[in-house]
Amino acid sequence: MYESLCEILRNYVEEPEGGLSPDTSFTEDLHMTSLDVMTMIGDVEDRFHITIATEDLNGIYTLRELTEYLEGKI
Amino acid sequence: MEERTCYPLMRAQKGLALLFGFYPDKQILNICVRVRFAETVDEDRLAESIRLLPSILPYCRIRICLKDGQFEQYVSDDAPEAMEIYDAPGRTEEEMQALYSDWAHELFPNDCMDVQLYRARLVRREDNCRELFFLGHHFIMDAYAVIGAIEHIGKIYKALEDGAPLPKEAPLPWEMVEQEAQYYASPRYEADVAWWKEFYREEPHFTSLNGLGSPEFIDGHSYGRGQNFTQLKGIAIDRVIPASLVDRVNAAARDSRLAVQLYYLLALRTYLGKVSGTDDVIVDTVIARRSTLTQKRSGLSRANTLPLRSVIAPDTPFRDALLILDGIQKEIYRHADVLLEDFTGIINAQHKTPPGCTYHTTWLTYQPYFDLSKSDLKFQANSIHNGAAATPLYVYITPQDASGELIATYNIALNYIRPESVDRFHAFLLRFLENGILTPEESIGSLLGKCL
């Protein structure tokens, strides 16, 4: 799951020096905008054939948090 | 005759054509920037950088043509037009602004067909002081792509100076064109349109910065119904948001993990609602719609205006109102690929409005990417107004130098939005943000009482 998310993420951002890590924050470390994040969530939904409610995204800021959320959902 | 492969316009480009009556030779489509260099530049190297630009950013080579009555686009292999050099020593700042304003009004030749759709002029001022005027046609560049072009001029310049390899060539946009075609044939597009139909189930309320009692309410446009604009005569009024306030807004957004633009959006929608007598307010947020790396590098116009409709009662605390807007913004961003012509169709069908009729709203965009203080070649870029307006009021908030302050540019349609309405709102904006950040538990109604 984590690797799949990293693969999706690499379509959106240049990999930072030191690479992506579970604690990488979408907005603080990768400087993604809210539109970037929501578009990426659309890709995640398509990849895993799931629907993610917008309110579920409150509290999800890092790769680890998104991975754990998806692991709990799939 | 050059062999060429033509591609259809993307939907956002078609939206521009629709919005402006299928005439691409409108000055409203000129996106103009004045670039001032923070260091002394070598004129020959700068000229060479500009000449090399279209080989690094192929979107600069895109041209449009008419084929069987439809606009199409292709990449031209023609050599770029020679960069123009303009001597302007001894000119005052006011004279320079007037000159740039005149240039911003200039149209492309041949009704924009089969011609280079950007223009660069190197301006010689005193001694070694050089400026650059850059104009991109909205069909092939939006503001994001124009700034990308200027950044790349800096990257090329630095590479030439250091004897380093030139930047890697950016991809052509045709992959985006293909992906978009796939989206419009997908169930996701159908679901997105269904979402917007629900969004527009109740007819929106009309709001205007002028407030109740102004002609646009009295003349029967109470719901803001109207035909798409072609091009209105407009002016731009710049007002400063001081750096100290910008810092506090940024810090509050960071602490709350909210997008910065939500603070400005809250101020605007709260004011519009109050002066227009409704809690149900639409503000169109203008977004570049560039999320993937390919989208960020491939140029063309992908911009869309997304109606952000919020119903927020006056007793809602400032911080809760921000959270409400955050949720709505995230939700509309999930359906951001539905464009103007789809909205217009939905409105026409659901509210029995005439074909082509839409709702006139206030537009807002927050464009932090105009900050070029961290680029390879240090410079600042100021947008130059083109003397037109596409909507009654378009507010764009941009940094224009490294001072930390932001400029709120109010692009108003003349004879519609009054300059004094802009001044009243701007004073409110500053007070509302100051107070709301200080006491986020306070209701927006109470803040309105203090700040109007």
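Figure 1. B:Ile62 stands opposite B:Val75 in β4(B). This is a predicted model, in which local features need pLDDT of at least 70, side-chain atom pairs count only at pLDDT 80 or more, and totals for chains, interfaces and linings use all residues; side-chain values use heavy atoms, with hydrogens and water left out. Residues are numbered from 1 along each chain as its sequence is written, while chains are lettered from A and ligands numbered from 1 in the order in which they are written. Helices (H or I, at least four residues) and strands (E, at least two) are DSSP runs, numbered from the N terminus, and two strands pair if DSSP finds at least two bridges between them. On that basis, β3(B) and β4(B) pair in the antiparallel sense over six bridges. The two strands form a hairpin with two residues between them, and B:Asp68 in the turn has a positive phi of about 50°.

**Figure 2. The open sheet around β4(B).** Here you can follow three strands of chain B in the order β1-β4-β3, which form an open sheet with antiparallel pairing. Each of β1 (7-8) and β3 (62-67) of chain B stands at an edge with a single partner strand, so one side of each is left without a neighbour in the sheet. Two bridges join β1(B) to β4 (residues 70-75) of chain B, and these strands run antiparallel. Look for B:Tyr7 with its bridge partner B:Gln73 in β4(B), and for B:Pro8 opposite B:Glu72. Five of the six residues of β4(B) are buried (under 20% relative accessible area, against over 50% for exposed and in between for partly exposed, with a 1.4 Å probe and protein chains only). β4(B) is therefore largely enclosed by the rest of the structure.

**Figure 3. Strand β10(B) and its two partners.** Strands of a sheet pair through backbone hydrogen bonds, either parallel or antiparallel, and this view has both kinds. β10 (residues 280-287) of chain B pairs with β11 (residues 304-311) in the antiparallel sense over eight bridges. Its pairing with β13 (residues 362-366) of chain B is parallel, over three bridges. B:Val283 stands opposite B:Leu308 in β11(B). In a regular strand the side chains alternate between the two faces of the sheet. In β10(B), B:Asp280, B:Ile282, B:Asp284 and B:Val286 point one way, and B:Val281, B:Val283, B:Thr285 and B:Ile287 point the other way. Eight of the eight residues of β10(B) are buried, so the strand is largely enclosed by the rest of the structure.

**Figure 4. A closer look at B:Thr285.** This residue lies in β10(B) and is buried, with a relative accessible area of 6%. The bridge partner of B:Thr285 in β13(B) is B:Leu364. Contact means heavy atoms within 4.5 Å. Leaving aside neighbours within four places in sequence, the contacts of B:Thr285 include B:Leu265, B:Asn304, B:Thr305, B:Leu306 and B:Ile332. B:Ile332 is one of the buried residues of α11(B). Helix α11 (residues 318-333) of chain B has 16 residues and reaches 22 Å from its first C-alpha to its last, close to the 22 Å expected at 1.5 Å a residue (the expected span is 1.5 Å times one less than the number of residues).

**Figure 5. B:Ser443 in its loop.** B:Ser443 sits in the loop between α13 (419-438) and α14 (444-451) of chain B and is buried, with a relative accessible area of 18%. Which residues beyond four places in sequence is B:Ser443 in contact with? They are B:Pro314, B:Asp315, B:Thr316, B:Pro317 and B:Phe318. The C-alpha atoms of B:Ser443 and B:Pro314 are separated by 6.5 Å, although the two residues are 129 residues apart along the chain. A polar atom of the B:Ser443 side chain lies 3.0 Å from the backbone nitrogen of B:Ser446.

Figure 6. The 14 residues of α2 (residues 43-56) of chain B should span 20 Å at 1.5 Å a residue, which agrees with the 20 Å between its end C-alpha atoms. B:Asp42 caps the N-terminal end, where a side-chain oxygen lies 3.1 Å from the backbone nitrogen of B:Asp44. The buried residues of α2(B) include B:Leu46, B:Ile50, B:Leu53 and B:Ile56. Among the elements that cover them are β2 (30-37), β6 (118-124) and α4 (143-162) of chain B. α2(B) bends by about 25° at B:Ile50, and B:Pro54 follows within four residues; the bend is the angle between axes fitted to the seven residues ending there and the seven starting there.

Methods. A polar contact is a pair of N or O atoms within 3.5 Å; within protein, one must be able to donate a hydrogen and the other to accept it, and residues adjacent in sequence count only if both atoms are side-chain atoms.
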